[in-house]
Amino acid sequence: MVFRKRRKIIPAKTPGELDAMQAAGEIVGKALQAVKAAATAGVSTLDLDKVAEDVIRGAGATPTFQGYQGFPASICVSINTEIVHGIPNDRTRVQTGDLVSIDCGATLDGWVGDSAWTFGVGGQEVLKPPAAALNEATEWVLMEGMKAMIPGNRLSDVSHALEQATRQAEQRWDITLGIVDGYGGHGIGRTMHEQPWLANEGRPGRGPLIQEGSVLAIEPMLTLGGVDSFVLDDGWTVVTADGSLAAHWEHTVAATATGPRILTPRYKITK
């Protein structure tokens, strides 16, 4: 008898489960839009956290981050040289020209949505040219990298696509970008962090198979300097080791027969 080695695959969600995940993801998108609108000069990061929590709970969901491994807030607010996991507080106030990254999660009916974006306080136009280029490039890298999220590819094909897009972005925006070492995306579904872990760079053709219905949170984190970072004494906030600016963009994405499906869309808020 011949035993064939089973090929590892990223678990698939059903079409109904993907719809449920998008319902959670749409709440995250609304929270991100609301936080960006509220992020004017002098507003505390704790006030921004309250905005996000109100949106999430008002939609019948719960903030996924709140209490996760002891994290005390509903969103991560990371400013300028902070990469990710910044803790909202009443002392830190955003200022015009700050580069602010907001990471947010919501759980609805047992399914999780997770997304992040970076913006300039006062608008993209007030950012200094290097910061504006970094932010535009990081968003572009996310959108290019997620194109590899298709059935039949392997996990590291997404990693490779992100890395290749980063190098192309350096030429396109005439900047040098660092891919933050040790941080990346992940599987997601009933819980925020599921297997597998997704590196933001790497050789293609490796790791578990992506199938129709597989879902990953894809999240490039780039700097205008090096790849090294360290965690502050609060045990959460990750900052660049060289003091360079950082940007973080993320979407929860499903592989489908018709291409990648963003489960965390950010529809514009209309009054």
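1. In this predicted model, helix H1, residues 15-38, and helix H2, residues 45-58, have axes that come within 9 Å. The two axes cross at roughly 150 degrees, and H1 passes H2 in a right-handed crossing.

2. Which residues form the contact between H1 and H2? From H1 come Ile27, Lys30, Ala31, Ala34, Val35 and Ala38, and these meet Leu48, Val51, Ala52, Val55 and Ile56 of H2. Sorted by class, this contact of H1 with H2 holds 10 nonpolar residues, 1 charged residue and no polar residues.

3. The axes of H3 and helix H4, the latter spanning residues 155-173, come within 8 Å and cross at roughly 145 degrees. The crossing in which H3 passes H4 is right-handed.

4. On the H3 side, the contact is made by Ala133, Glu136, Ala137, Trp140, Val141, Leu142, Glu144 and Gly145. The H4 side supplies Val158, Ala161, Leu162, Ala165, Thr166, Gln168, Ala169, Arg172 and Trp173. The contact of H3 with H4 counts 11 nonpolar, 3 polar and 3 charged residues.

5. The largest nonpolar core has 56 residues, and the members that touch the most others are Ile75, Val100, Ile102, Met149, Val158 and Ile218. Helix H3, residues 129-145, gives the most to this core, namely 8 residues. A second, separate core has 15 residues, including Met21, Ile188, Ala217 and Trp236.

6. What surrounds Val100? Leaving aside residues up to four places away in sequence, Val100 touches Val77, Ser78, Ile79, Val94, Trp117, Thr118, Phe119 and Val121.

7. Finally, the chain as a whole may be described. Its secondary structure comprises 4 helices and 15 strands. The protein chain has a radius of gyration of 18 Å, close to the 18 Å that the globule rule gives for 271 residues, so the chain is as compact as a globular protein of that length. Taken along the principal axes, the C-alpha atoms fill a box of roughly 70 × 45 × 35 Å.

8. What share of the 271 residues is buried? Buried residues account for 54% of the chain. Among contacts between residues at least 6 apart in sequence, 72% join residues at least 24 apart.

Technical notes. Residues are numbered from 1 along each chain as its sequence is written. This is a predicted model: local features need pLDDT of at least 70, side-chain atom pairs count only at pLDDT 80 or more; totals for chains, interfaces and linings use all residues. Side-chain values use heavy atoms; hydrogens and water are left out. A nonpolar core is a set of buried Ala, Val, Leu, Ile, Met, Phe, Trp, Tyr and Cys residues joined through side-chain atoms within 4.5 Å. Buried means under 20% relative accessible area, exposed over 50%, partly exposed in between (1.4 Å probe, protein chains only). Helices (H or I, at least four residues) and strands (E, at least two) are DSSP runs, numbered from the N terminus. Contact means heavy atoms within 4.5 Å. Axes are lines fitted to C-alpha atoms, for helices over the stretch in contact, and angles run from 0 to 180 degrees between N-to-C directions. A crossing is left-handed if the near helix is turned anticlockwise from the far one by less than a right angle, and right-handed if clockwise. Ala, Val, Leu, Ile, Met, Phe, Trp, Tyr, Cys and Pro count as nonpolar, Asp, Glu, Lys and Arg as charged, and the others, Gly among them, as polar. The radius of gyration is taken over C-alpha atoms; the globule rule is 2.2 Å times the number of residues to the power 0.38.
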